[in-house]
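Hello,

Here is the structure I promised to pass on to you. Please open it alongside this note, and my findings follow below.

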Amino acid sequence: MRINSWPFCGASPRHFVPFLMFVGAYCTTLTNSTLTDAQVNYLPVYNTVVNLLDWSSAPKTTGQVSVLKVLGNMATRFRGDGKLTWNVEVESEVSTDYGVEVVASFFGAPNLAKVRVTVNPATSSSSVEGTIRRKDTHWPTTFDTVKNYFKQTEKQIAEDYLWSYSRHAITGTITLKPGRQTISLEAYGLQTKQLIDFRSLNLIPVAAKGAIAKDKADAEAARANTNWFMNSKYGIMVHWTDLTVNLDGSKSTYQKAVKSFNVPKFAALCDDVGAKHVIFTVNHQNPHCPAPIAEWATIHPGWTTERDLLGELADA
């Protein structure tokens, strides 16, 4: 049986964790969901990796900005002009220039929104300005035209998420000095029929771009060939997590559930229905992994299992 660990399509269980670790080599997300006061907590910014600032690092918000209540609050919405401000502490002995990307989804007319990224907004010590546009990607049917979309009520719009995020590179660089400072992302001039769903602000150290590109290329080269997935045509995805309950509604611990998983019976069922591959859920909501993978346990202590369920499913 061919098994893949969702959501990384195309990688076998043996390749899944190394691929994840390659990504971690050149990118770090500056998040801390326990922060309660963004004005007294400072997030580290490094000069060797891509630094991601997002909603979970608890930025201060002003203007028409709200956190989207979906899938663990994955994005922040600008329904009009607004600003996000983060406190950071630059882990460097010298001033460093950073390129800027805004990861966001934009919808509206005209197809153009203005954004500004500023270091120390009170003094505007360094800033860049740019635009983001709607990209030609997959959109739900409710997005057939801007006119029809904004005929919805504000409540409907608030519950209709854009999803199709893209990286929008901003021309120029900002300079971060060693030590503590603030960084703001501002959307301005938004019109009634425009909105932005913001995912992250990426800070890319200019001096490290070569090393970052090499690490990224190494990660991409480690990806498994996915032709088998396309050619298999039909398979099964199992959304089986630590939150899954038994048929009678009772709940077992994740360790116990993995230990009692009947691999031969499951494999036979897949064969009976003609499935050529299985996509098995790993790391959804909580960072569970049904295998004794040391690298995973280092990052997420207590979330691996003694049984190598992924290996057994792959061999079944």
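A word on terms to begin: buried means under 20% relative accessible area, exposed means over 50%, and partly exposed lies in between (1.4 Å probe, protein chains only). By that scale aspartate 218 is partly exposed, at 31% relative accessible area.

Please keep in mind that this is a predicted model, where local features need pLDDT of at least 70, side-chain atom pairs count only at pLDDT 80 or more, and totals for chains, interfaces and linings use all residues. Residues are numbered from 1 along each chain as its sequence is written, and side-chain values use heavy atoms, with hydrogens and water left out.

Salt bridges

I call it a salt bridge when a side-chain nitrogen of Lys or Arg is within 4 Å of a carboxyl oxygen of Asp or Glu. The count comes to ten salt bridges. Aspartate 218 pairs with lysine 214 at 3.1 Å, N to O. Both sit in helix α4 (residues 209–221), four residues apart, about one turn of the helix; helices (H or I, at least four residues) and strands (E, at least two) are DSSP runs, numbered from the N terminus. Lysine 214 is exposed, with a relative accessible area of 51%.

Arginine 180 and glutamate 89 form another bridge, with the closest N and O atoms 3.4 Å apart. Since arginine 180 belongs to strand β11 and glutamate 89 to strand β6, the pair ties together parts that are 91 residues apart in sequence. Arginine 180 is exposed at 57% relative accessibility, whereas glutamate 89 is partly exposed at 27%.

Glutamate 129 bridges to arginine 116, with 3.1 Å between the closest N and O atoms. Here strand β9 holds glutamate 129 and strand β8 holds arginine 116, 13 residues apart. Shared partners join Arg116, Glu129 and Glu186 into one network.

Cores

A nonpolar core here is a set of buried Ala, Val, Leu, Ile, Met, Phe, Trp, Tyr and Cys residues joined through side-chain atoms within 4.5 Å. The largest has 31 residues, of which Trp86, Ile174, Leu176, Ile196, Leu201 and Leu203 touch the most other members. Elements giving two or more residues to this core include β6 (76–90), β10 (166–176) and β12 (194–205). A second, separate core of 20 residues includes Val238, Ala257, Val278 and Leu313.

Cysteines

How many disulfides does a search of the whole structure find? Zero, taking a disulfide as a pair of cysteine sulfur atoms within 2.5 Å. Cysteine 270 is buried at 1% relative accessibility, and cysteine 289 is buried at 0%.

Best wishes
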